[in-house]
Structure formats: C-alpha cells, structure tokens
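Visitor: Could you take me through the reading of a structure like this one, feature by feature, with the criteria stated as we go?

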Amino acid sequence: MIALPPFHTLGFWLSSIFITMLHVLGIIIPEPLMFCVTLILSVGIPHGALDAVILSSSHSQTAHSIVEVMCMYLMIMAFCYIAWYFISPLALAFFLASSAYHFGGDWAHCATTRMLIGSGILSSMYVYHPVETLHWLLLISPALSLTNLYGLSCVLFALCVCVIAIKLYQGQHAYLECAMLIFISKVLTPIAFFTLYFCTLHSPRHYHSLIKRKYLTLSRVPLLAVFTLATYCIGFITYYLFFTAFRFHDAMISNLLVLLLILNIPHNLMGYLFKR
C-alpha cells in the first residue's frame, strides 16, 4: 500500500498533477520567467540562507567563530566566482556535479545513487530540451565544449531512469517523486522545471527538516531574513559586474543560476560540517 505523500511535498504533487492535466488536455504551458525568478528569490534563496541559522544555533559556536565561518563562506563564494570567470567550463562542470550530488540526497544516501539520481534529473532538461538548455548553459559558460555533451547527458539520464525503476520495484515509494520529475521535465521548459523542483520539493523538504530538528524557530526568522538580504546584495553586485551586457531576462536568469550553483558549494560544506 502506498502511503500519502508527506505534507511538505503537497505543493509539488498538486502542481505536478495540475501540469499533467494541462498537458493531457493539450494546453501549452508557457515559461513565466519572472514568476520563476520570484519563486526562487522568495523560496529557494532563503533555504540556502538557513546555513546561518544552523550556525548560530550550534551551542559550540561563539560569536567570534561564527564570524570566522561566515567569512570563510564568503571567501569560498568569491573563489568560485573567480574560477567561474576565468575557467568557466571546468568550474561549471564542478558546480553541476556538486549540485547533482546535493539534489540526489533528497532520496539517497549512497554516494553513487545520489550522483546518478541527481545528475539524471539535471540531465533530463538537456535530453528533452537541448536547444533551450544550451541557451542557458552557453550564456553561463560561452567557452563550453559541446563535444559528446548530449551523449553523456543521455547516458546519465538512462542510468537515472534505471535506478528509479529498480527502487520502485523494490517498494521504495519515495522515488515516485523522481519518476514524476522525469515526466514533468518533458512537459515544462528547463527554467520552469527547475523552479518547480527547487521551490516546491527540494527547499520545502529542507525547511521541514530544520523545523523538525528545531533549528528554524520564530526567534531565528530575523537572522534568516538578514542573511537572505545579504544573498540578494551579492546577487545585485554580480549582476552589475558580469551580466549588464545581456538582455534583461537573460541577465536575470543567468545571474541567478550562477549564484545558485556557487552558493551550493559552501552550502554542501556546511551540510557536512553540521551533519544535517
């Protein structure tokens, strides 16, 4: 018997079912870029800013050590931006691999399974929508080599589908989320698909986990707001440093994607540090 999905995933399931119904009825689903940006800024970015909340809630941390760790956090981000600026193809490959491993952790603990699931879900956007996905990848990394890129994406996607099928056959119903994501990736454009996953499944799961562990409480919401605003400031700075030559919508999305990819590096390190 399949249990009802957890409450914090209801937004994902309701959205996915609604999108599926529109697809079955033959209704074309547009790509509301600014709506996606708004969702990522209001739901996705704060989930990364929760690192500061976790840090402040650790009883072993003094105010001085908290400042030291946050300075290191910013230094890692700065180093990642420098790497992206000077060796963008290599940096992008590393950022995407780190993101795949992080996202795969929504379902698996085994490192290999995490990588296969995460990379397969990310690759699905390129497999289903190569032109649109390449548009964003080349904006982020103009020197990106396209040799064998689509073939590699197809292999990762196929391996991911096999793992999902095996897990479902074994009765691990949590992987129904992965199966739905694979389908929704076909229906939605890449940015809309990423927004759906990031803002209705991944981030709410993170919020739920931290609330359950009492890391996120009402008294710590002001700190969350402060670090969220600090992240916005970093985004504004990088926008004017790197993306003013782009068209507005391209600049907004490209800046946001690079910011998220880079934030994921210290975010993952903090996850290991505090064993979330």
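**Salt bridges, rings and a pocket**

Guide: A search of the whole structure finds three salt bridges, a salt bridge being a side-chain nitrogen of Lys or Arg within 4 Å of a carboxyl oxygen of Asp or Glu. This is a predicted model, in which local features need pLDDT of at least 70 and side-chain atom pairs count only at pLDDT 80 or more, while totals for chains, interfaces and linings use all residues. Residues are numbered from 1 along each chain as its sequence is written, and side-chain values use heavy atoms, with hydrogens and water left out.

Visitor: How should I read a salt bridge, and which residue does Asp106 form one with?

Guide: Side chains of opposite charge can pair when their charged atoms come close. Here Asp106 pairs with Arg205, the closest N and O atoms being 3.9 Å apart. Because Asp106 lies in the loop between helix 4 and helix 5 and Arg205 in helix 9, the pair ties together parts that are 99 residues apart in sequence; helices are DSSP runs of H or I with at least four residues, numbered from the N terminus. Arg205 also meets Glu177 in a salt bridge of 2.8 Å, N to O. Glu177 belongs to helix 8 (residues 176-187) and Arg205 to helix 9, so this pair ties together parts that are 28 residues apart in sequence.

Visitor: Is Asp106 buried or exposed, and what of Arg247 and its partner?

Guide: Asp106 is buried, with a relative accessible area of 15%, where buried means under 20%, exposed over 50% and partly exposed in between, for a 1.4 Å probe and protein chains only. Arg205 and Glu177 are both buried as well. Arg247 forms a salt bridge with Asp250, with the closest N and O atoms 3.1 Å apart; Arg247 is exposed at 60% relative accessible area, whereas Asp250 counts as buried at 10%. Through shared partners, salt bridges join Asp106, Glu177 and Arg205 into one network.

Visitor: How many aromatic pairs does a search of the whole structure find?

Guide: Rings of Phe, Tyr and Trp (its six-membered ring) pair if their centres lie within 6.5 Å, and planes under 30 degrees apart count as stacked, over 60 as edge-to-face and the rest as tilted. By that criterion the search finds 18 aromatic pairs. One of them, Phe103 with Phe198, is edge-to-face, at 6.3 Å centre to centre and 70° between the planes. Since Phe103 lies in helix 4 and Phe198 in helix 9, the pair ties together parts that are 95 residues apart in sequence. Phe103 counts as buried at 8% relative accessibility, and Phe198 counts as buried at 5%.

Visitor: Which residues line the largest pocket nearest its centre?

Guide: On a 1 Å grid over the protein atoms alone, a pocket is an open set of points where a 1.4 Å probe fits, with protein on both sides within 12 Å along at least five of seven lines, and lining residues have an atom within 4 Å of a point. The largest pocket is lined by 41 residues, with Leu92, Leu96, Leu122, Leu137 and Leu261 nearest its centre. Helix 4 supplies the largest share of that lining, nine residues. By class the lining has 27 nonpolar, 14 polar and no charged residues, where Ala, Val, Leu, Ile, Met, Phe, Trp, Tyr, Cys and Pro count as nonpolar, Asp, Glu, Lys and Arg as charged, and the others, Gly among them, as polar.

Conventions. Helices (H or I, at least four residues) and strands (E, at least two) are DSSP runs, numbered from the N terminus.
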